[in-house]
Amino acid sequence: VSLEQVTLEPTRLGATAREALTEILGEQGISEDHLTRVAHAAGRSYPDLLGLRAGLVGGAPDVVLFPATEDQVTAVLSACSRHRVAVVPFGGGTSVVGGVEPHRGEFDAVVALDLRRLDALVSVDDRSLTAVVQGGMRVPALERALEPLGLTLGHFPQSYEYVSVGGCVATRSAGQASTGYGRIDELVLGLRCVTPSGEIVLPARPASAAGPDLRELIVGSEGVLGVITEVSLRAHRRPATRRYEGLFFRTFGEGAEALRHAVQEDLAPDIGRLSDETETRLTLALAGREGLKARLGDSYIAARGYRGGCLAIVGWEGTAAEVDRRSAAGLALLVRHGGLRLGPSPGRAWAAGRFAGPYLRDHLLDRGAMADTLETATQWSGIEACHQAVREAIGQALGARGTPPLVMCHISHLYESGASLYFTILARQEPGAELEQWRAAKTAASEVIVQRGATITHHHAIGRDHQPWLEAETGSLGLEALRAAKRALDPAGIMNPGKLLGDG
Ligand SMILES: Cc1cc2nc3c(=O)[nH]c(=O)nc-3n(C[C@H](O)[C@H](O)[C@H](O)COP(=O)(O)OP(=O)(O)OC[C@H]3O[C@@H](n4cnc5c(N)ncnc54)[C@H](O)[C@@H]3O)c2cc1C
């Protein structure tokens with residue numbers, strides 16, 4: 001159905017609450033418009049897409065608020081606490097874990113707090129290589145503002161075109177070049193967060209020994225503690241040169257070992273990805289006769305004993321001299337550990353399509369296919385076993401339902417102690433039971449992930465979908481400590497109910 005045809009319940013926001021919010025924001029800062037409510041009713045997860053396609057949105061926010069200043073955010077949170085209205089902070093709306101779902105919890109009404117008007121680049125300190133940015137600024141707009149100054153944030157999640165700075169910080173997101181530039185949590189030096197109890201202000205500091213790091217409480221807080229209105233970020237000098245190359249390994253295990261050596265011997269590429277055998281096969285099948293496929297012709301690979309192997313993409317960024325030096329040493333190491341160099345064309349093909357891949361999901365759904373992704377990270381010593389166990393668990397769960405899946409995986413972020421694993425699941429949809437089918441796969445994978453001590457999410461965050469497994473990661477006392485922090489900052493519990501910390 002088209003978005004106009006989605007049926008919504010009438011808004012449940014009471015007249016006094018509405019009046020209070022209109023007084024703070026003006027008529028232009030509050031919207032009950034049908035399409036605006038629908039646009040804020042869901043994120044971009046597989047269940048979100050199923051719901052939107054069926055026209056059965058699980059509920060929409062009663063109104064959408066558009067504050068333009070931090071004072072307005074403060075006043076909105078105070079009015080919502082008084083009038084018992086739940087608040088869902090909304091950045092780019094690209095959450096794939098139910099993070100922006102308009103869940104009312106125990107409250108009568110729920111509003112989406114869209115931060116798009118808080119979109120200024122506040123200041124840049126070229127000497128310290130830092131930038132202060134408002135939370136609603138889109139990451140591409142930040143890159144455009146930094147470019148003339150010769151700077152970059154270097155944070156490119158696959159959802160880059162839509163994400164906001166505040167959304168990335170609130171979800172501890174990872175960009176495709178995070179091995180080189182760092183995840184967003186490594187880029188945040190300070191922040192301002194408006195909570196219903198007041199404001200937490202942490203100026204940019206390069207490091208501190210002043211007790212537990214409060215930044216870490218707010219980074220990844222998914223809107224349940226407050227609204228991140230401003231962030232101080234590390235910036236980098238814009239790279240003059242980028243070099244992306246492809247390599248082939250005989251097996252996923254061989255490739256993983258080579259990447260481990262690279263990162264532990266200080267020769268990690270800034271971008272390091274390794275597809276498993278299944279993902280490699282599909283990548284090659286989808287590649288045209290030009291470019292990637294031509295370069296990776298079966299005969300070339302087979303002649304060197306790499307048939308059925310795994311494709312890696314590695315990339316270096318920096319000054320020309322630095323890229324020459326680092327890539328030469330890095331590639332030599334990868335070859336020593338079994339890699340077959342394929343030259344730049346696979347790297348170029350990946351770079352050209354790096355933001356397009358996920359949108360294939362819409363075409364697959366059109367054709368009756370289930371398509372979902374999930375990710376984790378674990379230590380190098382357990383990486384192959386985790387890869388195998390998650391694949392098997394999903395295979396068994398969906399196989400038992402008569403829809404055997406294709407499960408593929410790649411390593412996308414490298415650390416000295418381990419790496420991330422990003423799984424893609426494709427299967428025939430079960431008409432009429434699409435959500436149950438999805439839940440079966442999600443549960444099977446999540447159970448195995450936490451049993452192995454791997455993280456329930458490497459970068460998509462907890463939201464609603466991963467909530468049942470957070471306690472396995474934090475322990476019950478850890479979860480209670482986080483809930484106590486929420487009680488201190490949000491005594492009425494209005495901030496994004498049900499997300500991250502659950503309903504407890
Ligand atoms: C196609 C696709 C590809 C993706 N690829 C990646 C990837 O490569 N790496 C990655 O890390 N993620 C990825 N994601 C997930 C998602 O894009 C990230 O979680 C992103 O950081 C969310 O940013 P956003 O601005 O869209 O936040 P939203 O989706 O709007 O919000 C996410 C969560 O943060 C809260 N929030 C938003 N803004 C604020 C704020 N200012 N203050 C407090 N809380 C706030 C929301 O309430 C919600 O809980 C992908 C998603 C899609 C759809």
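Helix α6 gives the most to the shell around the ligand, with 5 residues. Keep in mind as you look around that this is a predicted model. The shell counts 34 residues around the ligand, and P89, G91, T94, S159 and S164 come nearest. Sorted by class, 18 of the shell residues are polar, 14 are nonpolar and 2 are charged.

A polar backbone atom of G93 sits 2.8 Å from an oxygen atom of the ligand. S95 also takes part through its backbone, where an N or O atom lies 2.8 Å from a ligand oxygen. With N496 the side chain is involved: one of its N or O atoms is 3.1 Å from an oxygen atom of the ligand. How much of the ligand does the protein bury? Taken alone, the ligand exposes 970 Å², and the protein buries 97% of that. The elements giving two or more residues to the shell are β3, α6 (165-171) and β10 (227-234).

Strand β3 leads us on to a sheet. Here 4 strands form an open sheet with mixed pairing, in the order β1-β2-β4-β3. Its edge strands are β1 (30-31) and β3 (85-90), each of which pairs on one side only. Strands of a sheet pair through backbone hydrogen bonds, either parallel or antiparallel. Strand β2 (residues 63-65) and strand β4 (residues 109-114) pair in the parallel sense, over 3 bridges.

Methods: Residues numbered from 1 in each chain as written. Predicted model: local features only at pLDDT ≥ 70, side-chain atom pairs only at ≥ 80, totals over all residues. Heavy atoms only, no water. Pairing = 2+ DSSP bridges. Near = heavy atom within 4 Å. Polar contact = N/O pair within 3.5 Å; in protein donor to acceptor, adjacent residues only side chain to side chain. Areas by Shrake-Rupley, 256 points an atom, 1.4 Å probe, with all protein chains shown as cover. Nonpolar A, V, L, I, M, F, W, Y, C, P; charged D, E, K, R; others polar.
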